There are 2 protein chains.
Amino acid sequence: MSEVVPSGARPQRADARENVRQILRAARAVFADRGYEVSIEEVARRSGLGMGTIYRHFPNKRALVEEVAIGHMRETSEVLARALADEPDAWSAFTRVMRHMAEVRSSQMFPVSRRRTTESGPALVAARDALLSDLDGLMDRAQREGSLRADVNAYDVVLMMVSLPPRIADDGAGGGLSVDLTGRQLSVLLDGLRAPGAEQLPGSAATRPDLDEFFRTRFGI
Amino acid sequence: MSEVVPSGARPQRADARENVRQILRAARAVFADRGYEVSIEEVARRSGLGMGTIYRHFPNKRALVEEVAIGHMRETSEVLARALADEPDAWSAFTRVMRHMAEVRSSQMFPVSRRRTTESGPALVAARDALLSDLDGLMDRAQREGSLRADVNAYDVVLMMVSLPPRIADDGAGGGLSVDLTGRQLSVLLDGLRAPGAEQLPGSAATRPDLDEFFRTRFGI
DNA sequence: GCAGTACCGGAAAATGAATTTCCGGTTAGT
DNA sequence: ACTAACCGGAAATTCATTTTCCGGTACTGC
């Protein structure tokens, strides 16, 4: 994952490999629940490992976030493909993908290149572009079949997914919310995305630069 | 505003009074544009005054935020009353209020009492409760007239307004987004809130404790 | 005008919360 | 049993903010 074993050296120990898996699993869960700004300590706590262990496997927080993001995006692309194959119509496929994105909060993990810092790695860029293009294709279909309103595009939708509230907004101490905010808001959004849409959307649709800019400033990534 | 002039003392100087007005104006604008977490320095820059001046008039940041929040909520209550009087039906009044809330981002300024810190001042509590109750009444009407879906309540709606993206998500340097994210997302939400609603909303509606908890953890206030 | 107080600006100190380092103590694997 | 890998988590560092402080400025009443 980030650790290329030099050809002459000893192989990575089995427990270490397992720990990397645990870290990624914990990171996914924590990011989905509370947003990607949670501290590494939080991830460590959830994974049952120490912070030192995380830094042994990832050079810094950003690298961990990237890794998780790549996983999310690839997975979402797979869900999309499967939905297209399974579902009877484009609208059903679309809602299925949206629900998945909300579930894993994958759009929040949609890093794009930062202004004056490290570029996103090529794997991330590739996964991101692939997903965007797939989503665009799906939405095209849905719009042609007349189920998705015509005045939105993939960038709009991704940006909407991003601003869904995290699953749990608590501080770890409290019990969190009893209401499924994310789910309720997503459902309302989906109803609002149904064609034809009574409201006239203001301005023009979002663009790629808008998406990039938003993520750059919101996630610094 | 936070400075009670002791009865024997000199009255506040005219320029100082004007400065307080400037500060509140700048704070409102900046909070609406970029979210309430912006630094005091940002507010100072926008107001054309120094940070010291802000601290001369408000004991701390929290006090400034409260003051702005109270203003927003009172104003929103007024807009609501006016909308009720002017508009032909409850739905029009409802959308008008929603647009106003999105505009000033008043819901983001909906502070409620924090767990183990200073309570919100009584003026804030009163303004908050009044607005919530007014909104509840309006939504009741809209639901009875059959225009607003039946499975949402005022807490749900406020929580949705909260998670609208800020008007501008930039860092001050960049040009910001060219798209009106807030407006587009609000419109989609409004379409989704129209009765009857095709999607079944998951779980049950939000409650007052949910609202309180959300604000406590999100705004620490 | 002048005195005198209120006021202002913004550099600097205090805070706070996070990331990242470091190293003594463990453990897997041969 | 030996050793390189590995782990935990306290401590150091970093970074962005809030908040203080005080020399200098400018209202205001006389």
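**Interface of chains A and B**

I looked up polar contacts first: the rule finds 22 residue pairs across the interface of chain A and chain B, both residues at pLDDT 80 or more. A polar contact is a pair of N or O atoms within 3.5 Å; within protein, one must be able to donate a hydrogen and the other to accept it, and residues adjacent in sequence count only if both atoms are side-chain atoms. On the chain A side, α5 (90-104), α7 (154-162), α8 (181-193) and α9 (208-219) each supply at least two residues that touch chain B. The largest share, 11 residues, comes from α8(A). I took helices as DSSP runs of H or I with at least four residues, and strands as runs of E with at least two, numbered from the N terminus.

This is a predicted model: local features need pLDDT of at least 70, side-chain atom pairs count only at pLDDT 80 or more, and totals for chains, interfaces and linings use all residues. Residues are numbered from 1 along each chain as its sequence is written, chains are lettered from A and ligands numbered from 1 in the order in which they are written, and side-chain values use heavy atoms, with hydrogens and water left out.

I checked the contact (heavy atoms within 4.5 Å). It takes 48 residues from chain A and 48 residues from chain B. The two chains bury about 3,800 Å² between them, 56% of it on carbon and sulfur atoms. Buried area here is the accessible area (1.4 Å probe) that two parts lose on being put together, summed over both.

**Salt bridges**

I used this rule: a side-chain nitrogen of Lys or Arg within 4 Å of a carboxyl oxygen of Asp or Glu. It finds eight salt bridges across the interface of chain A and chain B. One of them joins D156(B) and R184(A) at 2.9 Å, N to O.

I then looked at D191(A) and R149(B), whose side chains meet in a salt bridge at 2.8 Å, N to O. D191(A) lies in helix α8 of chain A and R149(B) in the loop between α6 (122-144) and α7 (154-162) of chain B, so the pair joins two chains. Are these two residues buried or exposed? Both D191(A) and R149(B) are buried. Buried means under 20% relative accessible area, exposed over 50%, partly exposed in between (1.4 Å probe, protein chains only).

**Chain A**

I counted nine helices and zero strands in chain A. Of its 221 residues, 52% count as buried.
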